[in-house]
Amino acid sequence: MPELGLRITNLRCRVAGNEILKGIDLTVEPGRVHALMGPNGSGKSTLAFSLTGHPQYDVSGSVSLDGEDLLSLNPDKRARAGLFLSFQYPAAIPGVKVANFLHAARQAEKPGDPLPPGKFRALLLEKMDQLGIDPSFMGRYLNDGFSGGEKKRLEMLQLAVLAPKYAIMDETDSGLDIDALKDVGNSIGALRATGEGSNTGFLIITHYPRILQYIVPDVVHVMIDGRIVKTGGHDLAHRIEREGYDKIREEAGAIA
Amino acid sequence: MPSTVTIVAPERNALHQRLDMLDAGVVDRDARVRALDRFFTMPSGREKPGRFWRVDFEKIVPDAEAVASAGAQIDVETNDGAVVLCNLATAVREHPQLLARAFGTTAVAETKFGALTKALLTDGVFAYIPADHACDEPIAIRYHAAAGAAVFPWIVVLAERGARATVVERLTADAGAFVCGAVEIVSAENADVTYAALQHADDDARVIFSRAARPGRDARIAWALADIGAQLAAQDVRISIEEPGADAHLATVFFPRAAQHVDFIGTLEHRAGEATSETIVKSAARDRGQARFLGNIRIAPHAQGSDARLRDDALLLSPNAHIDSVPALEIGANDVKAYHGATVGALDADQIFYMESRGIERDAAERMIALGFFEPAIEHFPTSALRDDLRAALAAKLS
């Protein structure tokens, strides 16, 4: 049996010569929800891109997904291994329709279970219905002219259709009003309630604790200046809500 | 006529002699001679840009021996009994008055290569759509040029008041063929004509087209033009708005690869006010493919209330590929809307990464993004069969 989990060991990352991640150790177990919190600029999004293989990041250390080494793989292979990133700023791709894109992604990620267009369409409609997404989304160009909320909703739809083993949600709550935030929380809840989604491990990256009202984390990590300085339970999120990051930053500084 | 002394080049002589062998029914010999003289004396307006461009339009002369009516096959098809659809020779005999209202009345013969087509015109098509008649099915024109032949087709579309029609031209040509054609569209008040052309010639053929449309008052006119094949594909496409209220569209897609060259001139002449025009160009180039787009929008001083838009995007898929994009706006009126936007660039790294992060391999992601890039222009093509053929042709060029 391989060691299950998204296992990050001593992950370091340089961008344009600057060390942004200074040795991250973190393991997301199947079916568990980890929150990664931290102030702006602490390196949270860099971690998300380092894990998914963005070409601009110079990464060392090790990351394994259910025993499979990730860092040697191209981004598409990491995705096919079961890793998903919900982008903070999803790219708009004019001319590529949501349905066609998602079908291509589904076929790529589940080669053992190919779905012909008709069946895929049925699956897509079902998921859209579950998430309260208008069917007209299917024919729209990918993120092209989408509002911030629509983009996040489309990320949730992709999460539901691809049902990854591990999902990184990068600032999914940023720029959302409270209703949209609830929808995101409900979407993640809905995925976790399905058979194939119940084992999905989540790494929820966020600046604000408010999304954690809608998806309750098992573990909370606080990242400051490229390091995880504190790990705890859900109450850690409440503490940040009350106190902000300064106190934790001071404590971390005292330790260092 | 001023008298000039010119040194007659051998090519010119040979072509002059050739005129005797061409049918005088549609264009008589004198008119052919005058047109040939214009071809030889008129500049192309297609000067050589940049250091990449290898084509010199001033030196393009068809081989006289290759000029032949028999070098091409035209098939026309409509299931619409109300429409007149025939070859030009028939139109001259049976519908001379109708033909005369459109043939030679547009800007095509004012261009160098339009003059060449007129001089050497081999055959063509006349399509007539009567008043208030809406064609349910597209009028289909298939044109094939044989290997090594030099052919000069002329297509004329005349749409009466309130008529609606779609014409789909599919052009193929074998290796070494030289096609120099003209298309004219003349429409009356409230007519709605869409003319689409898919050029899919052999990569060793040369295909040059002059196209001009003259929409009537409140008429809609749309060109949707794609160049897929040919070693050299050149188009000069004009819409002359001479009546108020016209709604004009020009969409084009081209994608030179290997050593292909595409040269596209699109001209919107707003000579009457309260008219709208939209030009959309989506071009890509890979390998050593070269293209240039010259987009003219001219709004005359009295053409108040004109609304002209030009969107031109070029995608470079290889380091040696090259696309020149030259929008030119001449605006003489003060109460107008004119917009132009142009981009030239490579595939976007963030788009590629986004697709890769969904498990799609890099090559496939690049193909999807590039195909998507053309889509806003492909949408202007009138039938789903044509759009699918165009997508397939573009996909084949990407693989």
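Predicted model: local features only at pLDDT ≥ 70, side-chain atom pairs only at ≥ 80, totals over all residues.

Reader: How many bridges join strand E9 of chain A to strand E10 of chain A, and do the two run parallel or antiparallel?

Author: Strand E9 (residues 166-170) and strand E10 (residues 201-206) of chain A run parallel and are joined by five bridges. As an example at residue level, Asp170(A) stands opposite Ile205(A) in E10(A).

Reader: What is the order of the open sheet of four strands in chain A?

Author: The order of that sheet is E2-E1-E4-E5, and its pairing is antiparallel. Its edge strands, each pairing on one side only, are strand E2 (18-28) and strand E5 (68-69) of chain A. Within the sheet, seven bridges connect strand E1 (residues 6-15) of chain A with strand E4 (residues 58-65) of chain A, and these two run antiparallel. One pair to locate is Arg7(A) with its bridge partner in E4(A), Ser64(A).

Reader: Which helix packs on this sheet?

Author: Helix H1 (residues 44-52) of chain A does, touching E1, E2 and E4 of chain A. The direction of H1 makes about 70° with that of E2(A).

Reader: Which residues make the contact of H3(A) with H4(A)?

Author: From H3(A) come Ala99(A), Leu102(A), His103(A) and Arg106(A), and from H4(A) come Pro117(A), Phe120(A), Arg121(A) and Leu124(A). Five residues of this contact are nonpolar, one is polar and two are charged.

Reader: At what angle do H3(A) and helix H5 of chain A pack?

Author: H3(A) and helix H5 (residues 148-162) of chain A pack at about 35°, and their axes are 10 Å apart. The crossing of H3(A) past H5(A) is right-handed. H3(A) contributes Val98(A), Leu102(A), Ala105(A), Arg106(A) and Glu109(A), while H5(A) contributes Leu154(A), Gln158(A), Val161(A) and Leu162(A). By class, this contact has six nonpolar, one polar and two charged residues.

Reader: How is the size of an interface often given?

Author: It is often given as the accessible area lost when the parts come together. Here I can describe the interface by its residues: the contact takes 21 from chain A and 19 from chain B. On the side of chain A, the elements that give two or more residues are helix H2 (75-81), strand E7 (93-97) and H3. That side has 13 nonpolar, five polar and three charged residues.

Reader: What radius of gyration does chain B have?

Author: Chain B has 21 Å, which agrees with the value near 21 Å for a compact globule with 399 residues. Along the principal axes, the C-alpha atoms of chain B fill a box of roughly 65 × 45 × 45 Å. The secondary structure of chain B comes to eight helices and 19 strands.

Technical notes: Residues numbered from 1 in each chain as written. Chains lettered and ligands numbered in written order. Contact = placed C-beta atoms within 7 Å. Nonpolar A, V, L, I, M, F, W, Y, C, P; charged D, E, K, R; others polar. Axes fitted to C-alpha atoms, helices over the stretch in contact; angles between N-to-C directions. Left-handed = near helix turned anticlockwise from the far one by under 90°. Pairing = 2+ DSSP bridges. Rg over C-alpha atoms; globule rule 2.2 N^0.38 Å.
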